Amino acid sequence: MLEIGSGSGQHAAYFAAELPHLVWQASDVAENLPAIREWVSDPPPLELDVERPFPPVSADAVFTANTCHIMSWPQVERMMAGVASALPAEGVLAMYGPFHYGGKATSPSNAEFDAWLRARDPASGVRDFEAIVALARRHGLVLEEDNPMPANNRLLVFRAKPAAV
């Protein structure tokens, strides 16, 4: 499992302990790696910056939490392209965070959060569910699940198309 945007490393530490049958590969930009190393060391966190070519990594699945809304849309596009290149046929992408539906916030708190994000960085903001699904589809990833989560977040699960026979 490749985690993109591991931040502090807390997800990696928690999920690695709770899911010992998985190898949880944390990754983030270089400046976040020291904090991640405080939580996990095996395997060591990987430098992954969507502004650069994806490192050579393959994974059966990719998990990313609360990344799309802090990246610019071109960065989200590069991340999705990198994910698609890292996943095998029928690999899984799980994407957690807030999303707008039909161009509208799903709650007042998500609308406030989006306004705060855009005031801080106009290139960031809560992404539209439909735009994420269309982007994933362009990269061969098909939406399988849209799960409601606490605090007006969602867990979107995509699967890479099966290999042609």
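1. In which loop does Ser 72 lie? Ser 72 is placed in the loop between strand 4 and helix 3, where helices (H or I, at least four residues) and strands (E, at least two) are DSSP runs numbered from the N terminus. The model is a predicted one, in which local features need pLDDT of at least 70 and side-chain atom pairs count only at pLDDT 80 or more, while totals for chains, interfaces and linings use all residues. Residues are numbered from 1 along each chain as its sequence is written, and side-chain values use heavy atoms, with hydrogens and water left out.

2. Ser 72 counts as buried because its relative accessibility is 15%; buried means under 20% relative accessible area, exposed over 50%, and partly exposed in between (1.4 Å probe, protein chains only). Not counting residues up to four places away in sequence, Ser 72 touches Ala 123 and Arg 127, contact being defined as heavy atoms within 4.5 Å.

3. Helix 3 (residues 73–86) has 14 residues, which at 1.5 Å a residue should span 20 Å, and its end C-alpha atoms are 20 Å apart, in agreement with that expectation; the expected span is 1.5 Å times one less than the number of residues. Its buried residues are Gln 75, Val 76, Met 79, Met 80, Gly 82, Val 83 and Ala 86. Seen down the axis of helix 3, the buried residues fall within an arc of 165°, so they line one face of the helix, the arc being that of the directions from the helix axis to the C-beta atoms. What covers these buried residues includes strand 1 (2–4), strand 5 (92–97), helix 5 (129–138) and strand 8 (141–149).

4. The largest nonpolar core has 26 residues, and those with the most contacts inside it are Leu 93, Met 95, Ile 132 and Leu 141; such a core is a set of buried Ala, Val, Leu, Ile, Met, Phe, Trp, Tyr and Cys residues joined through side-chain atoms within 4.5 Å. Strand 1, helix 3, strand 5, helix 5 and strand 9 (153–160) each supply at least two residues of this core, and the largest share, five residues, comes from helix 5. Apart from this core lies another, of nine residues, among them Ala 12, Ala 26, Leu 33 and Val 40.

5. Met 95, leaving aside its neighbours within four places in sequence, is in contact with residues including Cys 68, Met 79, Met 80 and Ile 132. Met 95 also belongs to the lining of the largest cavity, together with Asn 66, Thr 67, Cys 68, His 69, Tyr 96, Gly 97, Pro 98 and Phe 99. The volume of that cavity is about 30 Å³, and the largest share of its lining, three residues, comes from strand 5. On a 1 Å grid over the protein atoms alone, a cavity is a set of points where a 1.4 Å probe fits but cannot get out, a pocket is an open set with protein on both sides within 12 Å along at least five of seven lines, and lining residues have an atom within 4 Å of a point. Grid points are joined across faces, edges and corners, and a volume is the space filled by probe spheres set on the points.

6. Two backbone details deserve a check. A cis peptide bond, with omega about 0°, joins Asp 42 and Pro 43, and Pro 43 lies in the loop between helix 2 (33–39) and strand 3 (46–47). Glu 90, found in the loop between helix 3 and strand 5, has a positive phi of about 70° although it is not a glycine.
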